[in-house]
Amino acid sequence: MIRDDAEALRTAAELAEEFRPGASGRDARRELPRAELDRLTATGLLAVTVPAEHGGADVSAVTLAEVFRLLASADASLAQIPQSHFAYVNVLRQQGSPEQRAFFFAEVLAGRRFGNAQSEAGTKHLQDIRTRLVAAGDGDGSYLLTGVKNYSTGALFADWIPVLARAEDDLLHVAYVPADAPGLTVTDDWDGMGQRTTASGTVELADVVVPAAHVVPHHLTFTGPQLHGSLAQLLHAAIDAGIAAGALAEAADFVTTRSRPWFESGYETAAEDPLLIQRFGELALRHRAADALLATAARAVDAARGDLDDDSAAEASIAVAAAKAYAGSAALEIADALFEVSGTRAALDGLNLHRHWRDARTHTLHDPARWKIQHLGRYVLNGTRPPRHGLL
C-alpha cells in the first residue's frame, strides 16, 4: 500500500523504467500489457486517490499528474489504461453516497480496477448518450442497462466497468457494473494506429441488471462548481507531456549513439553539429514548457479542491485547458522532429520509433484543442467562465 505522495512518485518512476524496455515490442506486436497492468496494480498505485478517511494516500493532483507523465514517457498505451479508473474513482468521491464510497473505495484498495464504458459511436455528438438505464419493475429498485459503448479503454482489464447512461428522466448516471455481469460483453476490436495496446474496444449491454446501490447520479456533478472535467483532462495532458518526454529522450539517444554527422558540418559526430544542437534546444524548450504548464494546472486543481467555488473551478479548468492544448502540440512536434534530427535510419519500421508520433496523434484526437483555445480566449478577453460539461 502506498502511503504518501513521495512513495507514489518513487513507485511511478521505478515502474516507468521497468516498463520502458518492452514498450516498443508490445506496440509492434499489439501485445496487451496484462502482466504490466497487474504489476502496476500490485504496487497500490491505482489506489492513491482514495480519500484518507477511507484508508487511501489521497495524493495531490500535482502528484497524480506526474505519475501519469512518468508512465506515459515509458509506454503511452499503458498510461492511458488507468485514466478512466481515476476519473471514476473521482465520480464516487464527488457524488457517491457514504455507503457507495465505503464499498467501492474498499474495492479499489483491494486492487480492483475500474474501466469505462462512456463514449458511443454513430450518435449526433459526444454527449448524445443513448445507453438507457430503466427501472427493472420488480420492486427492488434495481435497473436494466442496455446500450453499446465504443472506445472503452480499460474495460477489458477491469473488475468494474462504470457505464455512462441516461435514466428515464434523461439525466446522466454512472452505473458500476461487475465485469462478469450477465448480459455484458467486452470485445477487443480496437485497431487504432496509435495507443495500440489499450484494448479500447466495444462494450455491449443487453438488459444488464444493476442494483440501485451501484448507480451514482452523475448529473449532479455539473449543477455547481466541479473538478471532474479538469482532473480527467489533467491526466490526458500528463499523457501528452509524457509522450513528448519519451520521444525527446529517444531522439537524443539515437543521435548520440547511431546518427552520422552531415558531411558539410565538419564534425566527427552528429551530436556536435551546431544546427542539431539548436534544434534540440528548441525541442527541449517545448518539452519544458509542456511540463511547466502541466504542473501549473495541477496546482490550480489542488487549490480549487481546497477552496471550491465558481472562480477557483474556472481557473482550474482554464489552466488545464492551456496545459492540454500545449502538451498535445508539443508531443506531436517532438515526435515528428525525432525523424528530422535522427536521419533516414530512424524511419526503419523495425525500430518502431514512429510509435511516439502514432501515440501522440491518436491520443490528441480525444477532444479538440481548438475548443480549449476558444475557452482560453473568452476567459481572458471577456471573463467568461468555461462551461461545466466534464471536458474542461
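**Exercise 1. Packing of α7 with α9**

Which handedness, left-handed or right-handed, does the crossing of α7 and α9 have? Determine the geometry of this pair and the composition of its contact.

*Solution.* The model is predicted: local features need pLDDT of at least 70, side-chain atom pairs count only at pLDDT 80 or more, and totals for chains, interfaces and linings use all residues. Residues are numbered from 1 along each chain as its sequence is written, and side-chain values use heavy atoms, with hydrogens and water left out.

Step 1. Identify the elements. Helices (H or I, at least four residues) and strands (E, at least two) are DSSP runs, numbered from the N terminus. Helix α7 covers residues 228-257 and helix α9 covers residues 310-342.

Step 2. Two packed helices are described by the angle between their axes and the distance between the axes. Axes are lines fitted to C-alpha atoms, for helices over the stretch in contact, and angles run from 0 to 180 degrees between N-to-C directions. The axes of α7 and α9 come within 8 Å and cross at roughly 20°.

Step 3. Classify the angle. Angles under 35 degrees count as roughly parallel, over 145 as roughly antiparallel, 65 to 115 as roughly perpendicular and the rest as oblique. Therefore α7 and α9 are roughly parallel to each other.

Step 4. Assign the hand. A crossing is left-handed if the near helix is turned anticlockwise from the far one by less than a right angle, and right-handed if clockwise. The crossing of α7 and α9 is left-handed.

Step 5. Sort the contact residues. Ala, Val, Leu, Ile, Met, Phe, Trp, Tyr, Cys and Pro count as nonpolar, Asp, Glu, Lys and Arg as charged, and the others, Gly among them, as polar. The contact of α7 with α9 comprises 20 nonpolar, six polar and three charged residues.

**Exercise 2. The largest nonpolar core**

Which residues of the largest nonpolar core touch the most other members, and which element gives the largest share?

*Solution.* Step 1. A nonpolar core is a set of buried Ala, Val, Leu, Ile, Met, Phe, Trp, Tyr and Cys residues joined through side-chain atoms within 4.5 Å. Buried means under 20% relative accessible area, exposed over 50%, partly exposed in between (1.4 Å probe, protein chains only).

Step 1. The core has 69 residues, of which Leu40, Leu45, Val48, Leu64, Leu71 and Leu234 touch the most other members. Two or more residues each come from α1 (5-29), α2 (34-42), α3 (61-74), α4 (76-80), α7, α8 (274-306) and α9. The largest share, 14 residues, belongs to α7.

Step 2. Beyond four places in sequence, Leu45 contacts Ile2, Ala8, Thr11, Ala12, Leu15, Leu40, Val67, Leu71 and Phe86.

**Exercise 3. Individual residues**

Is Ala297 buried or exposed, and where does Asp58 lie?

*Solution.* Step 1. Ala297 is in helix α8 and is buried, at 0% relative accessibility. Leaving out residues up to four places away in sequence, Ala297 touches Leu234, Ala319, Val320 and Ala323.

Step 1. Asp58 lies in the loop between α2 and α3 and is partly exposed, at 25% relative accessibility.

Step 2. Most residues other than glycine have a negative phi. Asp58 has a positive phi, near 50°. Asp207, in strand β6 (residues 202-210), has a positive phi of about 50°.

Conventions. Contact = heavy atoms within 4.5 Å.
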